[in-house]
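I opened my notebook to look around a structure that was new to me. Here is what I looked up, entry by entry.

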Amino acid sequence: MEFITSFNFTFIFHLFLLAFLIFNECHARETRSHDQSLVLGLTHARTTIATPISVKKPSEFMDVMEPLREVRDGYIITLNLGTPPQIIQVYMDTGSDLTWVPCGNLSFECIDCDDYRNNKLTASFSPSRSSSSLRDSCSSPFCIDIHSSDNSYDPCVVSGCSLSTLLRSTCYRPCPSFAYTYGDGVVTGTLTRDILRVHTSTPNATREIPKFGFGCVGSTYREPIGIAGFGKGPLSLPSQLGFLQKGFSHCFLPFKFANNPNISSPLVVGDLAISSKEYLQYTPMLKSPMYPNYYYIGLEAITVGNVTAPTQVPLSLREFDSFGNGGMIIDSGTTYTHLPETLYSQLLSVLHSVITFPRAEEVEERTGFDLCYRIPCPTNNILEDDLPLITFHFLNNASLVLPQGNNFYAMGAPSNSSVVKCWLYRSIDESDNKYGPAGIFGSFQQQNVEVVYDLEKERIGFQITDCALAAASQGLHKT
């Protein structure tokens, strides 16, 4: 689900989208597309709604606390949708707004999803089995937003409404089918409303969102699992919960807990997520006029170890150009941190100069990672090593020394008293990356870090935390 930072689409994507849109007699004025230089792309959503969504004030209801389960490439949140409830597991994604679920137990189709054939997270939502499910109207703010329309009449015109009914606001045809584009995939579906049930901060208590808007997706390309969008747009889950002016926090468990059903990462939405958190180090949220729904932060420097001089960071990672491009987004849906090629190469050079362990070049060729080393492991404890720490220095003097396991990861079990570990970062080709964010702070580098999205004060906070202990303190560790 990694975010893609450029808007160049391959020819096959154009054909796919064009065929779908013609078939559904639907035209979207702007599709959300990105360059495909990365692996697991997330979407860009442009907000065009002038009228705010009608929701209750956050003080009128309790905070939300949901467990996140770690899988191989992200963190899964469980959605409780419909009447009677249907349980659907989707990725928690701060890099997009739309929440969507696979729809149709038999009709859901995922093209080029061979890697997920044995995945057990692909349960589908069936609108026909929910008595509270309904198709959203062409005139709803959500419909206008998902079609990125500059004219609120457009979705209704596509639906077949006449001018006279538009002027009288008497046409209530369904919202036209949409196409939503990710960096390495496409989803197509219909905008649907239904009851969403979430857990509150009060034990064993739940809260209902009666007309939660989400995408009911019947066909995808390389997107077999749904997504819960946590961006800043009106379609996002925090926005529909009424907490977009408050915030949320998460504490991601490290990779060693992947697919472990007995422990979950804490996710908190509301006042509880941001109150009494002044002990964190905060960096301001930057505002891009072109992409207002992303969470941008500014990167000033990266240091390796305790004595290495700061690596030169390009201005594009903390400033925007005249078109709103640049900056670094923090993204739970991107697995690894992505850096511009020049900065990435500098870090490679520094790491290579300070690490004396033998290279595992055959593993580099097999995995595609650029730095892999054979680390002595006499006690078979793969968590211990002498690899240098890496520190990210963000704007406002917020420095985050990444936990030991957030840079290099063991590619397998120990063998001959050694283990191969690879540096889990990716580079971005700057010549092809002219649009969108200049870098991404991914979820692997956020493990064992409490991350607070303080939307009230427009800042993001960091604090090194043992997320397993935090999960246990919140009752998310089964014994």
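**Entry 1: the cavity**

I began with the largest cavity and found that β2 gives the most to its lining, with four residues. Before going on, I noted that this is a predicted model, where local features need pLDDT of at least 70, side-chain atom pairs count only at pLDDT 80 or more, and totals for chains, interfaces and linings use all residues. Residues are numbered from 1 along each chain as its sequence is written, and side-chain values use heavy atoms, without hydrogens and water.

My terms: a cavity is a set of points on a 1 Å grid over the protein atoms alone where a 1.4 Å probe fits but cannot get out, and lining residues have an atom within 4 Å of a point. Helices (H or I, at least four residues) and strands (E, at least two) are DSSP runs, numbered from the N terminus.

My search of the whole structure gave one cavity of 30 Å³ or more. It holds about 60 Å³ of space, a volume being the space filled by probe spheres set on the grid points, which are joined across faces, edges and corners. I listed 13 lining residues, with E66, I77, L79, V198 and L237 nearest the centre. Two or more lining residues come from each of β1 (64-71), β2 (74-81), β8 (185-199) and β12 (265-269). By type, the lining has nine nonpolar, two polar and two charged residues (nonpolar: Ala, Val, Leu, Ile, Met, Phe, Trp, Tyr, Cys and Pro; charged: Asp, Glu, Lys and Arg; polar: the others, Gly among them).

**Entry 2: a sheet of four strands**

Next I traced an open sheet with the order β16-β15-β20-β21 and antiparallel pairing (two strands pair if DSSP finds at least two bridges between them). β16 (311-312) and β21 (398-401) are at the edges with a single partner strand each, so one side of each has no neighbour in the sheet.

I followed β15 (residues 299-304) and counted five bridges to β20 (residues 390-394). Here I302 faces F392, and A301 has H393 as its bridge partner. Two bridges join β15 to β16, where I302 stands opposite T311.

Is β15 enclosed or open? Five of its six residues are buried, so β15 is largely enclosed by the rest of the structure (buried means under 20% relative accessible area, exposed over 50%, partly exposed in between, with a 1.4 Å probe and protein chains only).

I also saw helix α7 (residues 341-354) lying across β15, β16 and β20, at about 20° to β15 (axes are lines fitted to C-alpha atoms, for helices over the stretch in contact, and angles run from 0 to 180 degrees between N-to-C directions).

**Entry 3: a sheet of three strands**

I then found an open antiparallel sheet in the order β19-β23-β22. Its edges are β19 (372-376) and β22 (408-410), each with a single partner strand, so one side of each lacks a neighbour in the sheet. From one strand to the next, the twist averages 35°. Three bridges join β22 to β23 (residues 418-423), and F408 has W423 as its partner. Helix α7 turned up again: it packs on this sheet, touching β19 and β23, and makes about 155° with the direction of β23.

**Entry 4: L476**

Last, I looked up L476, in the segment after α9 (467-473). L476 is buried, with a relative accessible area of 18%. Beyond its neighbours within four places in sequence, L476 is in contact (heavy atoms within 4.5 Å) with P67, N262, I263, S264, S265, P266 and A471.

Key:
1 Å grid on protein atoms, 1.4 Å probe; cavity = no way out; pocket = protein on both sides within 12 Å on 5 of 7 lines; lining within 4 Å.
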